[in-house]
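The exercises below concern the predicted model shown here. Work through each task before reading its solution.

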Amino acid sequence: MTMPSRLPEPYGQGSGANLADILERVLDKGIVIAGDIRINLLDIELLTVKLRLIVASVDKAKEMGIDWWETDPALSSRARRDELARENAELRERLARLEELEPGRAPKEAP
Amino acid sequence: MTGLRYVYAVCRPFGTPLQAQLTGIGGAPPALLHHHGLVAVVSTVPAADFSEEALKARLEDLDWLAATARAHEGVIDALTTVTTPLPLRLATVFRDDSAVRMMIEAREDHFRQLLDRLGGRVEWGVKVYLEAEPAEATPAPAAKPASGRDYLRSRRAQSHALEEKWQRAEQFARSLHERLTERAEDFRMHRPQNAELSGAAGRNVMNAAYLVPRKRSEEFVELVDRTKDEAPGIRVELTGPWAAYSFTGETAGETAGEAAGEAAGETAGKAAGETVGETAGATVENAGEGR
């Protein structure tokens, strides 16, 4: 056992933890107490959402299929398959429409 | 007096002095405010930054926010080496010491319960990344698809490959998580991080926090280390030990609820799970005038 008064040094938190690690803890976690300065806690929620949306471009993540946390925290892939199926259907539809619009490009239907 | 009292954390009295050179927000040294057998760790912050109006604007400034968040975490981190702090959310500010004492009195039972539950425990963050593969960087097929059918076919093949990679990453994350929970007392699943904010390479597929007794931390860290080379194309990152930030909400069993809540209406889920009424109270009172 090491010195009881000093607890073990961090295992590289200073270097390993990025700003996102820190922000997600100090903004999202920890005990919420309304102090005398009434900042609207919703502002903080909004801010973090903003950080996620703007800095982080959630849309891009979704596009890549990184959206499981939105539907199933237990790492479900079902949600993603649903998404793929939906996207697939959407693409088919759009493609069909496009090919109709460009008769020259649709060889079989050319007169 | 233009100073306000910023509260970083509440803990039990501890014998070891804090590092002499420790500074908090704005470079001010943190002080210990003893009351009712508890300690609030506080420092003086300028009203110019922390009045309602100023703070609102400040929070929108990412550089200021980052510096403040780091200073906040710096104090919590220093406390974590000598005791078990209960970290308060960023920017919890009171007018003076007597207001801080009142806050302690109003919540001392809750603080004690939390301290009993979290004492001697730390939080470890474990993230799993799916490394970007070179093939993925050049997804454009050599030949332009001749028809929609071809396009769809190649698109399907791509999706399929992606799906397989995801499945592998999921399987790995799930098995890692199972092994880690055996050595942890509790866990929380956080949202995966975005590369642009975190600056980390690859895609974050799991972002979890584990509550681990200090005594078993070494074992926990070793276990994570051992898994690091287990799966090709997958990276495991460990951070900590943190103060138990992620576990200051009510209790276990909340885990599922919280995670589910995080998806849609996180705010609502949290308000329900945590300090009931706090969020709502703060919101309502914000509309009126602070005393």
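**Exercise 1: Chain A**

The elements of chain A, read from the N terminus, follow the order α-α-α-α-α-α. Task: state how many helices and strands chain A has, and what percentage of its residues count as buried.

Solution. Start with the element count: chain A has 6 helices and 0 strands. Then turn to burial: chain A has 111 residues, and 25% of them count as buried.

**Exercise 2: The sheet of chain B**

Task: give the strand order of the open sheet of 4 strands in chain B, and identify its edge strands.

Solution. Step one is the order, which is 7-8-6-9, with antiparallel pairing. Step two is the edges: strand 7 (186-190) and strand 9 (234-242) of chain B each pair on one side only. From one strand to the next, the twist averages 20°.

Step three looks at one pairing in detail. Strand 6 (residues 121-130) of chain B runs antiparallel to strand 9 of chain B, and 7 bridges join them. Within this pairing, B:Val126 has B:Leu238 of strand 9 as its bridge partner.

**Exercise 3: Helix 6 of chain B**

Task: determine which strands helix 6 of chain B lies across, and how helix 6 of chain B is oriented against helix 8 of chain B.

Solution. Begin with the strands. Helix 6 (residues 148-183) of chain B lies across strand 6, strand 7, strand 8 (203-213) and strand 9 of chain B, and runs at about 5° to strand 8.

Next, take the helix pair. The axes of helix 6 and helix 8 (residues 217-227) of chain B are 10 Å apart, and the two helices pack at an angle of about 165°. Angles over 145 degrees count as roughly antiparallel, so helix 6 of chain B is roughly antiparallel to helix 8 of chain B. The crossing of these two helices is right-handed.

Finally, list the residues that make the contact. Helix 6 of chain B contributes B:Leu176, B:Arg179, B:Leu180 and B:Arg183, while helix 8 of chain B contributes B:Glu219, B:Phe220, B:Leu223 and B:Thr227.

**Exercise 4: The nonpolar core**

Task: name the residues that touch the most other members of the largest nonpolar core, then list the contacts of B:Val128 beyond four places in sequence.

Solution. The core has 74 residues, and those touching the most other members are B:Tyr6, B:Ala9, B:Val41 and B:Val128. Its largest share, 7 residues, comes from strand 1 (residues 3-11) of chain B.

For B:Val128, neighbours within four places in sequence are set aside; the contacts are then B:Ala169, B:Phe172, B:Ala173, B:Leu176, B:Val205, B:Met206, B:Ile234 and B:Val236. One of these, B:Leu176, also takes part in the contact of helix 6 with helix 8 of chain B.

Note on methods:
Residues numbered from 1 in each chain as written. Chains lettered and ligands numbered in written order. Predicted model: local features only at pLDDT ≥ 70, side-chain atom pairs only at ≥ 80, totals over all residues. Core = buried A, V, L, I, M, F, W, Y, C linked by C-beta atoms within 7 Å. Buried ≥ 20, exposed ≤ 12 C-beta atoms within 10 Å, placed from the backbone. Contact = placed C-beta atoms within 7 Å. Pairing = 2+ DSSP bridges. Axes fitted to C-alpha atoms, helices over the stretch in contact; angles between N-to-C directions. Parallel < 35°, antiparallel > 145°, perpendicular 65-115°, else oblique. Left-handed = near helix turned anticlockwise from the far one by under 90°.
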